[in-house]
Amino acid sequence: MPYNNKFIDIAEQLKPTLIPSTVKPIARGQLAKDSSSLFSWTIVADNAENTASSDFICRNGQVAFDFGRYCVGYLSFELECEGKIDCPLRLQIKFGETIAELGESFDGFEPSLGRAWLQDEVIVIDYPVGEVKLPRRYAFRYVSITSVYNPPSYKFRITNLKCETVTSADETAIPVLSGNIPEQLRDIDRTSLNTLRHCMQTVFEDGPKRDRRLWLGDFRLQALVNYQSFKNYDLCKRCLYLFAGTADERGCIPSCVYEYPQPRSGELFIYDYTALFVPTLLEYAEASKDIDTAVELWPSALRQLEIVLKDVDSNGLFHDKKEWWLFIDWNNGLDKQASEQAIVIYCLKQALKLAELVGDSSRNSWLHTNINLMSKAAMESLFDSARQVFISGESRQISWASQAWMIIAGVVDYSVASEILSRLEGLEGVVQPAGPYLYHYVLEAMFIAGHKEQAIALIKEYWGGMINLGSDTFWEVFDPNDLKLSPYGSYLINSYCHAWSCTPSLFIRQLE
Ligand code: RAM
């Protein structure tokens with residue numbers, strides 16, 4: 001791969017030092033089935049006098065801990081033994097974002113993304129006295145420790161169980177929320193920022209349990225919330241350079257980037273993510289006022305548009321040539337033509353703003369020509385004049401995705417946008433969003449169309465729904481009617497702290 005080493009060096013110099021803190025469990029007990037709890041698992045607190053203490057003597061079986069809040073970091077504890085130590089100690093340690101991950105067996109489990117993401121370890125300690133530190137970073141609220149083999153000649157005690165958490169998000173930078181914001185929205189804002197904080201590591205990770213990786217579509221939303229909260233501009237700059245530095249021989253920026261052993265392309269290319277590099281760069285420059293970066297990466301941004309326009313025909317219509325991964329949402333039944341069309345229009349328009357910012361108007365007429373052509377094609381081929389809504393693909397599918405993106409792209413004006421959203425409520429069979437990523441863009445369209453009350457109700461119902469289930473972070477996938485919905489074959493491998501779901505903060509922080 002012909003990586004741009006200059007860009008990668010800039011990115012590496014911006015690698016943040018992580019901020020540590022210590023979290024200890026607040027309760028311990030036994031795992032139990034409970035149909036009234038999330039995924040039917042709970043922890044029944046021990047009757048011991050001080051269940052908050054991690055100290056316990058384990059002779060048989062298992063103990064589960066609740067750290068009281070989501071943690072991303074390194075687990076350690078101390079061991080003491082009574083009796084004759086004549087063989088090693090063998091422990092199974094499981095970590096769960098949900099209690100179900102501790103309760104359910106991972107045996108025979110083959111999720112599409114790989115068993116190794118599931119967080120369990122078996123450790124064998126030859127001389128079980130003193131400190132034990134697990135080398136891997138975990139993402140969890142719950143931990144279970146099981147004595148897999150009970151040594152007949154000694155008892156052991158675990159003390160000082162704790163997690164050294166890490167993040168590159170500085171809490172002290174968060175502006176105070178306006179006093180007019182009601183409690184439920186404050187709670188949603190807190191949970192949003194908590195979600196983002198855990199995903200801010202040496203890059204903006206999609207989720208700290210999985211994939212622990214920088215994804216372009218996720219990064220854009222994370223960066224937007226970051227500008228209103230933690231204001232870590234250097235982390236955004238690092239990520240922009242990582243993407244630009246790992247572009248392929250066509251100049252195409254990959255949709256995800258790995259950091260280790262050295263920065264490298266994830267070699268996955270999502271059409272919509274590629275185009276979204278343009279607004280991501282613009283938004284960074286506007287928020288940070290770092291115009292030099294915008295100037296330096298402007299050719300990379302333009303290149304993404306040249307590449308995505310190759311799939312737009314001479315009439316200005318996008319066609320899926322099956323050479324790209326089209327994402328938009330996890331809903332498999334979604335036809336993505338209209339959404340992709342709109343995203344390209346939107347990104348071309350954002351490029352005009354970026355051109356002005358970097359002082360280069362040489363491509364303006366090219367940008368205008370494509371905007372006009374594609375907008376015209378959108379109205380002629382993707383707008384159903386009888387039903388007065390946008391349609392997508394040969395099946396003329398009507399979806400929230402298509403309407404949202406066409407509204408965001410400004411293909412219709414404010415008043416038409418408002419009518420479309422009102423009309424959608426009354427139509428049968430409209431394809432719904434499957435996850436928070438697309439719900440974000442639905443919210444954005446609602447605010448553009450002046451449907452503020454509808455947007456706030458959606459935030460309260462959808463994101464509030466995850467808080468009502470006891471979560472202090474927002475999830476990767478959330479369907480209130482099918483909590484176990486998973487794109488990967490099992491809900492156990494879903495990410496329950498996924499930064500693309502942190503965007504209610506963005507809207508809440510703009511309310512007064
Ligand atoms: C998932 C990632 C990420 C998303 C991509 C498309 O596996 O977790 O959030 O951007 O796929």
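Residues are classed as buried at under 20% relative accessible area, as exposed at over 50%, and as partly exposed in between, with a 1.4 Å probe and protein chains only. The structure is a predicted model, in which local features need pLDDT of at least 70 and side-chain atom pairs count only at pLDDT 80 or more, whereas totals for chains, interfaces and linings use all residues. Residues are numbered from 1 along each chain as its sequence is written, and side-chain values use heavy atoms, with hydrogens and water left out.

Aromatic pairing was assigned to rings of Phe, Tyr and Trp (the six-membered ring in Trp) whose centres lie within 6.5 Å; planes under 30 degrees apart are termed stacked, those over 60 degrees edge-to-face, and the rest tilted. Under this criterion the model contains 34 aromatic pairs. In one of these, Trp 405 and Tyr 441, the ring centres are 4.2 Å apart and the planes stand at 35 degrees, so the pair is tilted. Helices (H or I, at least four residues) and strands (E, at least two) are DSSP runs numbered from the N terminus. Trp 405 belongs to helix H11 (residues 400-408) and Tyr 441 to helix H13 (residues 436-448), so this pair ties together parts that are 36 residues apart in sequence. Both Trp 405 and Tyr 441 are buried.

Tyr 462 lies in helix H14 (residues 452-468), and Phe 478 in the loop between H14 and helix H15 (504-508), so the pair ties together parts that are 16 residues apart in sequence. Tyr 462 and Phe 478 are both buried. Ring pairs also link a cluster whose members are Trp 215, Tyr 273, Trp 325, Phe 327, Trp 330, Tyr 346, Trp 405, Tyr 437, Tyr 441, Tyr 488 and Trp 500.

A charge was taken to sit over a ring where NZ of Lys or CZ of Arg is within 6 Å of the ring centre and within 35 degrees of the ring normal. Arg 250 lies over the face of Phe 269, at 5.2 Å from the ring centre.

The ligand is surrounded by 13 residues, the closest being Asp 206, Arg 210, Asp 218, Tyr 273 and His 498; a residue is near a molecule or strand if one of its heavy atoms lies within 4 Å of it. This shell divides into seven nonpolar, one polar and five charged residues, where Ala, Val, Leu, Ile, Met, Phe, Trp, Tyr, Cys and Pro count as nonpolar, Asp, Glu, Lys and Arg as charged, and the others, Gly among them, as polar. Polar contacts are pairs of N or O atoms within 3.5 Å; within protein, one atom must be able to donate a hydrogen and the other to accept it, and residues adjacent in sequence count only if both atoms are side-chain atoms. A side-chain N or O atom of Asp 218 is 2.5 Å from an oxygen atom of the ligand. For Tyr 273, a polar side-chain atom lies 2.7 Å from a ligand oxygen atom, and for Arg 210 the distance from a side-chain N or O atom to a ligand oxygen atom is 3.1 Å. The protein covers 98% of the 290 Å² of accessible area that the ligand has on its own.

Polar contacts were also found within the protein. Asn 494 is located in the loop between H14 and H15 and, at 1% relative accessibility, counts as buried. The side chain of Asn 494 contacts that of Ser 486 at 2.7 Å. Gln 304, in helix H8 (residues 291-308), is buried at 0% relative accessibility, and the side chain of Gln 304 reaches the backbone oxygen of Ser 300 at 2.9 Å.

Backbone geometry was examined next. Most residues other than glycine have a negative phi, and most peptide bonds are trans. Arg 210 and Asp 211 are joined by a cis peptide bond with omega of about 5 degrees; Asp 211 lies in the loop between helix H3 (183-199) and strand E11 (214-215). The bond from Tyr 260 to Pro 261 is likewise cis, with omega near 0 degrees, and Pro 261 falls in the loop between strand E12 (256-258) and strand E13 (264-265). Positive phi values occur at Phe 39, near 55 degrees, and at Ile 328, about 65 degrees. Phe 39, in the loop between strand E2 (27-33) and strand E3 (41-45), is buried at 6% relative accessibility. Ile 328 is found in the loop between H8 and helix H9 (337-358) and is buried, with a relative accessible area of 2%.

Notes
Accessible areas come from the Shrake-Rupley method with a 1.4 Å probe; for residues, only the protein chains shown count as cover.
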